[in-house]
Amino acid sequence: MSSIKYIGVDDTDIDLFESQYVVPEGMCYNSYLIEDEKIAIMDTVDARKTSEWLQKLKSALDGRTPEYVIIQHMEPDHSGSLASLLKEYPNLTVVASAKAIQYMGQFFENAKINSKAIAEGDTLSLGKNTLQFIAAPLVHWPEVMVTYMASEKVLFSADGFGKFGAYNADPDDWACEARRYYFNICGKYGLQVSALLKKASSIEISKTCPLHGPVLEGEKLAEAVRLYSIWSNYDVETPGGVLVAYASIHGGTKAAAEKIAEMLKSKGATKVAVADLSRDDMAETIEDAFRMESMVLACATYDGDIFPPMHNFLHKLSIKGFQRRRVGLMENGTWAPQAARIMRGMLEGMKNIEIVEPTVTIKSRMKESDLEQLNALADAIVKK
């Protein structure tokens with residue numbers, strides 16, 4: 001019988017996770033109780049759900065007193081209930097990395113915290129179970145630790161292998177919201193994620209308990225590890241796939257983008273995703289950019305620059321570490337098209353981006369005479 005009990009909570013009323021990501025299926029804040037001679041709580045939950053979580057914790061404890069709370073990650077969606085927990089159980093020892101303990105003083109200025117700093121390789125005996133701590137800096141904050149319990153071959157993986165959604169939302173389609181979560185939350189830190197995967201490969205893991213999303217084991221865990229290997233190395237998950245992302249003011253650029261998407265499909269692109277940067281979910285478009293092999297950017301010129309939704313998209317790609325992709329450019333302008341030049345300049349700041357020629361220029365509205373250059377770009381995108 002497992003010593004681990006789930007005490008996490010779902011947040012189905014949240015409008016935007018981290019004030020920027022839409023979560024139509026809500027968000028779960030996972031927390032776990034390890035029942036042993038000394039009882040340990042694995043992380044807390046967002047302050048939005050403190051009361052519900054404390055009730056679940058007390059019910060699970062059934063009158064017993066916990067000895068430790070392990071804080072693997074200090075981001076407020078995981079540590080937000082720590083001060084309230086310590087008011088209920090003032091003798092608790094807070095176990096965390098030295099940097100996490102430093103952050104606690106920043107988040108909880110007046111809280112009395114009895115802390116124990118742990119580092120890479122340190123262990124904590126609870127009785128029959130021993131916790132081993134593994135440093136996971138910048139996955140995705142610098143203080144992160146993950147925790148291994150060898151007796152049950154369980155890795156408490158912090159934000160690793162997390163996903164958007166409630167705890168049991170779409171259990172058979174983990175990858176969809178896990179992919180959007182990974183590239184928008186951890187995408188910049190591929191090198192650090194790869195380092196953690198390498199450490200994890202040296203221990204026997206039968207189950208992961210993340211801070212968001214479902215527990216993974218068996219074939220689902222194997223698939224998650226396979227995808228994380230692709231994502232963290234910035235490899236292509238969908239070979240031959242193309243994202244067409246457009247920023248259109250009055251519809252002319254949109255029409256050209258939709259036309260080249262049709263051409264790409266007819267020429268054999270394995271998958272074509274089309275995104276309206278003014279209206280579609282930006283996080284999903286970021287996900288598709290990392291997933292596909294190539295991308296076509298279509299943008300209107302605006303105030304001698306690029307239309308702001310495209311600037312926002314390229315800026316977000318840059319700070320998320322976008323790299324190793326092929327990109328075609330399409331611009332539109334009535335009197336002085338500038339968009340391609342500016343998009344090219346923003347892309348030059350990213351690693352190993354190949355600009356696919358020809359660059360397409362449209363004046364106001366796509367015409368019959370423009371189809372040849374659209375066709376040439378579609379050919380170049382599909383034919384490596």
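**View 1. Thr-253, Ala-256, Ala-257, Ala-298, Met-330, Glu-331, Asn-332 and Ile-362 line the second largest cavity.** Two elements each give two or more residues to this lining: helix H8 (252-266) and strand E21 (323-332). The second largest cavity holds about 30 Å³ of space. Sorted by class, its lining consists of 5 nonpolar, 2 polar and 1 charged residues. The model shown in this and the other views is predicted.

**View 2. The largest cavity has a volume of about 90 Å³.** Its lining is made up of Val-139, Val-146, Leu-155, Ser-157, Gly-160, Phe-161, Val-193, Leu-196, Leu-197, Ala-200 and Tyr-228. Helix H6, which spans residues 190-200, gives the most to this lining, with 4 residues. By class, 9 of the lining residues of the largest cavity are nonpolar and 2 are polar, and none is charged. The count of cavities of 30 Å³ or more in the model is 2.

**View 3. The largest pocket contains about 370 Å³ of space.** Its lining has 17 residues, of which Ile-249, Thr-301, Gly-333, Thr-334 and Trp-335 are the closest to the pocket centre. H8 and strand E19 (292-302) are the elements that give two or more residues to the lining of this pocket. E19 supplies the largest share, 3 residues. By class, the lining of the largest pocket has 10 polar, 5 nonpolar and 2 charged residues.

**View 4. Cys-186 is in no disulfide.** The count of disulfides in the model is 0. For Cys-186, the nearest cysteine sulfur belongs to Cys-28 and is 14 Å away, whereas a disulfide needs two cysteine sulfur atoms within 2.5 Å. Is Cys-186 buried or exposed? Cys-186 has a relative accessible area of 1%, so this residue is buried; the cut-off for buried is under 20%.

**View 5. Cys-209 is also in no disulfide.** The cysteine sulfur nearest to that of Cys-209 is the one of Cys-28, at 12 Å. Cys-209 counts as buried because its relative accessible area is 3%.

Terms used: Residues are numbered from 1 along each chain as its sequence is written. This is a predicted model: local features need pLDDT of at least 70, side-chain atom pairs count only at pLDDT 80 or more; totals for chains, interfaces and linings use all residues. Side-chain values use heavy atoms; hydrogens and water are left out. On a 1 Å grid over the protein atoms alone, a cavity is a set of points where a 1.4 Å probe fits but cannot get out, and a pocket is an open set with protein on both sides within 12 Å along at least five of seven lines; lining residues have an atom within 4 Å of a point. Grid points are joined across faces, edges and corners, and a volume is the space filled by probe spheres set on the points. Ala, Val, Leu, Ile, Met, Phe, Trp, Tyr, Cys and Pro count as nonpolar, Asp, Glu, Lys and Arg as charged, and the others, Gly among them, as polar. Buried means under 20% relative accessible area, exposed over 50%, partly exposed in between (1.4 Å probe, protein chains only).
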